[in-house]
Amino acid sequence: MTTQHSTESSHQRPGSTATPRIALVGVHGFGERHLANLARLEAAGALELVAVADPLPPQAGTLAESVAVFPDLEALLAAQPGADVVILATPIQTHAPLALAALDAGMDVYVEKPPVASLAQFEQVLAAARANGRLVQVGFQSLGSHALPAIRARVAAGEIGTVLGISATGQWLRTKAYFKRSRWAGKRSLDGTDVVDGVATNALAHAVATGLSLAGAHTLADVASVETDLYRANDTESDDTSVLRVRTAGGDTLLCALTLCASEQQDPTVTVHGTRGDITLFYTRDEVVISTPDGERRETYGRTDLLENLLDARATGAPLLGALPDTGAFTAVLEAIRTSPAPAPIDPASISWEGDGDDAHPVVQGISDMMGRAIKAQATFAELGAPWARALPPVRTLAVDGRPVADYQDGGHIRAVSSPRPYLHPVRTLGGTVVTDHMPLDHVWHLGVGVALQDVDGVNFWGGRTYTREAGQYIWRPDHGSISVSTSHLSDAGSGHEGRLQETLTWNGPDGSPVLGEERTWTWSAVAPSIWRLSLDFALSPAGDTPVSLGSPGSNGRFEGGYGGFFWRLPGCGDAAVWTPAGSGEAATHGSVTRWLAWSGKFDGGPATLVFVAPEGCTDPWFVRMDGYPGVGQSLAWDRRVMAEPGNPARRHITVLVADGILATTDIEALINHQGDPS
């Protein structure tokens, strides 16, 4: 996270010591707040309001008789009332042309957010400001908060450790009346002119701008990429429920999760997430919450008024807090939204309406939890598989007799500290019930079905915190690796035939250097009308000519924490049961060594059973979690390390029977005996 601002700062220069003369364009809506602020500052002798412009004049008695009233800026400029500064509180699509006219007339400009409706307009206004030597202040009031430099100082001092990412979140609700307040409300364009109204560009634009500021992204050059995932529950053109993922030139990630379709209005926040804690800014009230292992503290800060800041810049050359060049990063986000495909409508089945008539507002079901997952995983709604989100096409799909049973993901979208790697999700029964989960809120680094290890010669290929013997606990370390596919070959499962996916993978350390090579084979086939079989073989070999140690929290001293190797993350299910031939329940099955382990429950799509079958003679214990979260693994390094040696790889094999319905022990034994050796 960096703190540098634009070096241009809109050509600030000391100006006249005479009382600044102000014109306001747009006196209704947010313009009424400007009128109140102007009255406050005029009473203090800081300025003089000389003119206003609006097609609908203000009510009689609102203004002093000395204030000239015009129908629009053109008429105001023609009358030459002697204004030094013009404030633009007008519809979005008018900001750029009005700013250009005011700059060409030799006036400094205060323009409400968003400053423009396109990148092209941004560059035009910026060029005009430079050519005329004028100032342009953008009305992101939160950028005047004294909390921002205080947060930067705390982060720089290491109070929350290493920054993992920045998030901005807003859960607001807006009624039908909100979108009827003007012709441009909820529009991406109007009469062929860009508007780009929306949750991120207007309603919760301060969340985005404040998040960018704390991420050290001010100018256009500070933004490396912007990804958009846009949706709408309202009958509008613009997005009202969206995720934006911004990667900065400095290497930080800002994840914005925003909605106008919450069940209740909440104060929006921007949070800096660190390895030792978080700092959260409630920017509408300038309140900061610092959460670390030492406890929680709350602090409240003041705020510099942006109009006063503009007047100070004119008089003394002080830097603008909302200088136009320093909103280049925000404009990059706006441009990405403007050029994105139209927001996808959310399935009405996922929306409930509350209230009547123009007071009615939509609520996207489960939106709060989904936003929490998005922020923690730095993922989009589509990547999380929200039921109403766009479906992301998998790298490939595994099918049995023409029915899709598993999607293969390459892990390319997974955040670095979750150890990106290939995995299967969703995995389905033949009846279509989903029996995997990925990026759940409790452990966002859990990814469906795959192979992961937390300690490979000190590299974490599991994700999240690392358990070390020295610390005796889980700690964040810059030790996360990633697994990439070098080669793959797919043979589809035709009628009565086995499907096969053979892969060569590389396990790379944090610096990108290879640590392990892996040969992995997935096979799948039908077993019965309602049962199919998935098998996994993998062999781990050193990438170099020296042995590589494969470990786990268990091998590093955590009692019965020996997860690693094959792991299957299940979704939540009702009436969950886990058992082996020797016992049932988490306590009896966790750490046990048996031929098979079964899990059954009532999933969202219906009842299902998973039967995990180990090879004959396998001594790897089962890793089982029920109470904290639902998951099953075959522990490669339960309480001691395993060595992968040149010419002698660490090999493992497991088979899983995926069945619709609830199977009994007799059913399972019959299946295994009938198959001969399903593993």
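## Helices α5 and α7

In this predicted model, helices α5 and α7 cross in a right-handed sense. Helix α5 covers residues 147-156 and helix α7 covers residues 205-214. Two packed helices are described by the angle between their axes and the distance between the axes. For α5 and α7, the angle is about 35° and the axes lie 10 Å apart.

On the α5 side, the residues that meet α7 are Leu148, Ile151 and Arg152. Their counterparts in α7 are Thr210, Ser213 and Leu214. Sorted by class, this contact comprises 3 nonpolar, 2 polar and 1 charged residues.

Strands of a sheet pair through backbone hydrogen bonds, either parallel or antiparallel.

Across the whole structure, a search finds 13 aromatic pairs. One of them is formed by Trp462 and Tyr563, whose rings are 4.6 Å apart from centre to centre. The planes of this pair stand at 40° to each other, and the arrangement is classed as tilted. Trp462 belongs to the loop between β24 and β25 (466-468), while Tyr563 belongs to the loop between β31 and β32 (565-569); the pair therefore ties together parts that are 101 residues apart in sequence.

Are these two residues buried or exposed? Trp462 counts as buried because its relative accessibility is 3%, below the limit of 20% for buried residues. Tyr563 is also buried, since its relative accessible area is 9%, which is under that 20% limit too.

Strand β18 (residues 351-354) and strand β19 (residues 361-364) run antiparallel and are joined by 4 bridges. Among the residues involved, Trp353 has Pro362 in β19 as its bridge partner.

The hairpin made by β18 and β19 has 6 residues between the strands. In this hairpin, Gly355 adopts a positive phi near 90°.

How values were computed: Residues are numbered from 1 along each chain as its sequence is written. This is a predicted model: local features need pLDDT of at least 70, side-chain atom pairs count only at pLDDT 80 or more; totals for chains, interfaces and linings use all residues. Side-chain values use heavy atoms; hydrogens and water are left out. Axes are lines fitted to C-alpha atoms, for helices over the stretch in contact, and angles run from 0 to 180 degrees between N-to-C directions. Helices (H or I, at least four residues) and strands (E, at least two) are DSSP runs, numbered from the N terminus. A crossing is left-handed if the near helix is turned anticlockwise from the far one by less than a right angle, and right-handed if clockwise. Contact means heavy atoms within 4.5 Å. Ala, Val, Leu, Ile, Met, Phe, Trp, Tyr, Cys and Pro count as nonpolar, Asp, Glu, Lys and Arg as charged, and the others, Gly among them, as polar. Rings of Phe, Tyr and Trp (its six-membered ring) pair if their centres lie within 6.5 Å; planes under 30 degrees apart count as stacked, over 60 as edge-to-face and the rest as tilted. Buried means under 20% relative accessible area, exposed over 50%, partly exposed in between (1.4 Å probe, protein chains only). Two strands pair if DSSP finds at least two bridges between them.
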